[in-house]
Amino acid sequence: MQIDIPAFSWSPYGLIVVLSVIAGFAAAVLLMRRAGVGKQTIFYTCLTAIVCTFITSLMVTFRITERGIVLSFSGLGAAVGLISGVLIAALIIRDKPDEVMAAFIASAPLMYGLAKLGCFLAGCCHGKPYSGPFAVTYHNEHAGTYFPVQLVDMAAFILIHILAVFLITKMKNKFSAICIILAVLIPVRFALEYLKYYHDGSPVSSGQITVLIAGAIAVILVLVWKKILKINYR
Amino acid sequence: MENNNNINSAQPQIPVQPVQAQPVAQPVQTAQPMAAQPAPAPAPAPAPTQAPVYAPAPAPAPVQQPVYQQPVYQQQYQQPYQQAPQYGVPAYPASQPAQPSDGFTPEERSARRKKANILCFISLALMLVPSTISGAFSSTIENMSNISEVAETVVSIFSALVGGSVIGAWVLMIIARVKYKESKFAKVLMWVYIGFFAAGLIAVALFIAMCWYITKDCQGF
């Protein structure tokens, strides 16, 4: 069985990314409401987080080429922006910050996983050449037959989201739940880089270094968040 | 609060003198109108006007002279808090409802409004100034035909500054909204920012749709 992706006259990538971000925020709102976080806290946290997510992502991808200014959406930049936004909001509104952070950390894999559907349809971030079962064929500028790494990405991150929801709803110590989620998320993202077309075969590629840097920034932000807000569990 | 505490702490020291002065000064004139209107709304108003009546009163009473030599007491003596119990009328409780329901005095409200406005103005400046500058230089940036590494670095720093200032503008607005909920400026600013953000998203969506429509018509050329 092979998957054939036609050449779209316009890329659905942007629309799917926006919808995935909306879906991720909706999941975070539901988790926060379930945890009893106030409506005002949810509103202002979402506002700060969504602005930081978009602006950080645009800042990371902003560059000038000979064809003009290029703006795109970076998943890693968005993840760092999201955690930064939640951290900033928690410093302003100190209402159940651990529940808020846990909800957003659990929703981030959902956003990323759903956004991979846009990559799958657009053909970007495709896998290495492959002709076995479930090979995906593109007819656009990425023409060729590849391993469907975007679908593997999507499945893996949605599974991590389900695991994360389970952890943050069952564990009282939200900080431990956040640490476990990050400890699963970063290695999975790192490992999936081996399947991407741009991986040069070296043990650690430049893309994987970027993943490690973004993961380290996320961990540092969470530790700073815990330290500043003095969140302790007994 | 400090004044109130001082007043309360001063009362046990000097309660006798002003109370003794009352009957000497005008016992009938002050008591009669208050008795006729036991709890009127304008009760706090006459209280300060009565203060000068009490000022000359200690003069005939020799006991009160050392009391007026104390500047602290003299200052406090002018306060309506001490005069009210002298009348035997609940003037002080009647003046309490003058405070707003949010629990702030007019001075506190004014100070809070000023702080909120400062935050909002800084937020507005952070939002507008970098956007204006980047808009003014956008044509220059786009016309850079020879993209050097230095130019790319400058552009990256510039974009980081613009992005950071926009995030700062949002954060300051949210601080103003959360800490000074009564500020209408902050409320208006919030909805303006949200409106611009939503308009930006809609504009991008329309742009994509327009591109799709044009490329659809131009297929084959």
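Is A:His161 buried or exposed? A:His161 is buried, at a relative accessible area of 11%. Buried means under 20% relative accessible area, exposed over 50%, and partly exposed in between (1.4 Å probe, protein chains only).

1. Basis. This is a predicted model, in which local features need pLDDT of at least 70 and side-chain atom pairs count only at pLDDT 80 or more, while totals for chains, interfaces and linings use all residues. Residues are numbered from 1 along each chain as its sequence is written, chains are lettered from A and ligands numbered from 1 in the order in which they are written, and side-chain values use heavy atoms, with hydrogens and water left out.

2. Layout of chain A. Chain A has seven helices and five strands. Helices (H or I, at least four residues) and strands (E, at least two) are DSSP runs, numbered from the N terminus. Their order from the N terminus is β-α-α-β-β-α-α-β-β-α-α-α.

3. Burial and contacts in chain A. The chain has 234 residues, of which 51% count as buried. Take the contacts (heavy atoms within 4.5 Å) between residues at least 6 apart in sequence: 67% of them join residues at least 24 apart. Accessible areas come from the Shrake-Rupley method with a 1.4 Å probe; for residues, only the protein chains shown count as cover.

4. A:His161. This residue is found in helix α5 (residues 149-170) of chain A. Neighbours within four places in sequence aside, A:His161 touches A:Ala27, A:Ala106, A:Ser107, A:Pro109 and A:Leu110.

5. Helices α3 and α7 of chain A. Helix α3 (residues 75-92) packs with α7 at an angle of about 5 degrees, and the axes are 10 Å apart. Axes are lines fitted to C-alpha atoms, for helices over the stretch in contact; angles run from 0 to 180 degrees between N-to-C directions. The two helices are therefore roughly parallel (angles under 35 degrees). Residues of α3(A) in this contact include A:Leu76, A:Val80, A:Ile83 and A:Leu87. On α7(A), the partners include A:Ala214, A:Ile217, A:Leu221 and A:Trp225.

6. A surface patch. A:Ile217 lies in helix α7 (residues 206-229) of chain A. A:Ile217 is partly exposed, at 35% relative accessible area. Together with A:Val204, A:Ile209, A:Leu212 and A:Ile213, A:Ile217 makes a nonpolar surface patch of about 400 Å². Such patches are made of residues with over 30% relative accessible area and no salt bridge, nonpolar side chains (Val, Leu, Ile, Met, Phe, Trp, Tyr) being joined within 5 Å.

7. Salt bridges in chain A. Over all chains, the structure holds five salt bridges (a side-chain nitrogen of Lys or Arg within 4 Å of a carboxyl oxygen of Asp or Glu). A:Lys174 pairs with A:Glu99 at 4.0 Å, N to O. A:Lys174 lies in helix α6 (residues 174-192) and A:Glu99 in helix α4 (residues 97-122), so the pair ties together parts 75 residues apart in sequence. A:Lys174 is buried, at 7%. A:Asp153 and A:Lys196 form another bridge, with their closest N and O atoms 3.3 Å apart. Both of these residues are buried. A:Asp153, A:Arg189, A:Glu193 and A:Lys196 are linked in a network of salt bridges.

8. A salt bridge in chain B. The side chains of B:Arg112 and B:Glu182 meet at 2.8 Å, N to O. B:Arg112 lies in helix α9 (residues 106-142) and B:Glu182 in the loop between α10 (149-179) and α11 (184-217), so the pair ties together parts 70 residues apart in sequence. B:Arg112 counts as buried at 18% relative accessibility, whereas B:Glu182 is partly exposed at 35%.

Terms used: Patch = residues over 30% accessible without salt bridge, like charges linked within 9 Å, V, L, I, M, F, W, Y side chains within 5 Å. Parallel < 35°, antiparallel > 145°, perpendicular 65-115°, else oblique.
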